[in-house]
Amino acid sequence: MAETRPHRIMYLSPVGDDPVTDPIFADMARDHKLPGTEVHVTALPKEHYAFSHIEFRTYEAFVTRGILRAVRAAAEEGFDALAIGCFYDTALHDAREISGNMIVTGPCIASCEIAASLSNRFGIIVGRRKWVHQMQSTVHAYGHAERLVGFYDVGLGVDDFQKDHAETNRRLIAAGRRAVEDGAECLILGCTMEIGFYKEIERELGVPVIDPSIAALKRAEYAAILKRQAGWVPSRKWSCEAPSEAELAAFNVFAGDEPVFGSRIVIGAE
């Protein structure tokens, strides 16, 4: 008999919980998930991780602990897949080590996979030039160097995208136009806070524009479906080997009673 329970997906924002931005991602999940999928939109506890962005490697280093604790908790709760909601794909490989049978993905890897299925070459629109070195290294590591036309910055930080939608849209379209003129056949928005702008850019420029938050959510959902239908679960051999439970306990890796999640919005299956 086919299993009928909902697929359970977690979308984790790797910054402190925020009453303004958390519902934006919840609305995204509500609008794009399949009827048989339950999505939990979560964030880290603000009292321990007060960051509103992780543009700097310094901040990434601090939130990595929170991401790993969240991934561990989600795996123990029985989630099928989890998306780490930052285009840096922060702690992706670390998280996969301790995710058990839960699949972990991120916006960059998901967006690049989708872009590669829609086009031969794509451009990535980012907020600040600061981000380019790290993101380029990541995209190249995923094997997409030959597909990448380039990065196009708009001079906005993570916290700026949602302040003035008209100005943000103008800058994104201008950057997208430069990318298309350089040969991009598809565009990726290189920040999860660029959420909500992709349709207007598509209408203006006439090429597919990938919203990384949607890409990460849908890639996680697709992985969960394949996990159930085809039995494809993460490998735990060789480079994917996880620490032993005995050693994790001996080192008190996940000890402590501080909260794992700062917020949780549940979008139930229909």
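Me: A salt bridge is a side-chain nitrogen of Lys or Arg within 4 Å of a carboxyl oxygen of Asp or Glu. How many salt bridges does a search of the whole structure find?

Reply: The search gives 18 salt bridges. Before we pick some apart, a word on the source. This is a predicted model, where local features need pLDDT of at least 70 and side-chain atom pairs count only at pLDDT 80 or more, while totals for chains, interfaces and linings use all residues. Residues are numbered from 1 along each chain as its sequence is written, and side-chain values use heavy atoms, with hydrogens and water left out.

Me: Okay, give me one to start with. In which helix do glutamate 167 and arginine 170 lie?

Reply: Both sit in helix H6, residues 165–181. Helices here are DSSP runs of H or I with at least four residues, strands are runs of E with at least two, and both are numbered from the N terminus. The side chains of glutamate 167 and arginine 170 form a salt bridge, at 2.7 Å from N to O. The two are 3 residues apart, about one turn of the helix.

Me: What about a salt bridge that links distant parts of the chain: where are arginine 177 and glutamate 204?

Reply: Arginine 177 and glutamate 204 also form a salt bridge, with the closest N and O atoms 3.1 Å apart. Here arginine 177 is in helix H6 and glutamate 204 in helix H7, 27 residues apart. Arginine 177 comes out as partly exposed at 34% relative accessibility, and glutamate 204 as partly exposed at 46%.

Me: While we're on H6: which residues of H6 are buried, and what covers them?

Reply: The buried residues are Thr168, Asn169, Leu172, Ile173, Ala175, Gly176 and Ala179. Their cover includes E5, E6, E7 and H7. You can check the helix's length too: the expected span is 1.5 Å times one less than the number of residues. For the 17 residues of H6 that gives 24 Å, and the end C-alpha atoms are 24 Å apart, which agrees. Just after H6, glycine 183 takes a positive phi of about 115°.

Me: And H8, how many residues does it have?

Reply: H8 (residues 212–230) has 19 residues and reaches 26 Å from first C-alpha to last, close to the 27 Å expected. Just after H8, glycine 231 has a positive phi of about 75°.

Me: Back to charges. Which residues are linked with Asp80 in a network of salt bridges?

Reply: Arg5 and Lys227 are in the network with Asp80. Take aspartate 80 and arginine 5, whose closest N and O atoms are 3.2 Å apart. Aspartate 80 lies in the loop between helix H2 (57–76) and strand E3 (81–84), and arginine 5 in the segment before strand E1 (7–16), so the pair ties together parts that are 75 residues apart in sequence. Aspartate 80 is buried at 3%, whereas arginine 5 is partly exposed at 35%. Leaving out residues up to four places away in sequence, aspartate 80 touches residues including Asn101, Met102, Ile103, Ala224 and Arg228; contact means heavy atoms within 4.5 Å.

Me: Now the strands. In what order do the 4 strands of the open sheet come?

Reply: Strands of a sheet pair through backbone hydrogen bonds, either parallel or antiparallel. DSSP must find at least two bridges between two strands for them to pair. In this sheet the order is E6-E5-E7-E8, with parallel pairing. Strand E6 (148–153) and strand E8 (209–210) stand at the edges with a single partner strand each, so one side of each is left without a neighbour in the sheet. E7 (residues 186–189) is joined to E8 by 2 bridges, and isoleucine 188 stands opposite isoleucine 210 in E8.

Me: Which strands do helix H5 and helix H7 touch?

Reply: H5 (residues 132–141) packs on the sheet against strand E5 (122–126) and E6, its direction making about 160° with that of E6. H7 (residues 198–205) packs on the sheet against E7 and E8, at about 155° to E7. Axes are lines fitted to C-alpha atoms, for helices over the stretch in contact, and angles run from 0 to 180 degrees between N-to-C directions.

Me: Last one: how many bridges join E1 to strand E2?

Reply: There are 8 bridges between E1 and E2 (residues 37–44), which run parallel. Methionine 10 is opposite histidine 40 in E2. E1 is mostly covered, with 10 of its 10 residues buried.

Technical notes. Buried < 20%, exposed > 50% of the residue type's maximum accessible area, 1.4 Å probe, protein only.
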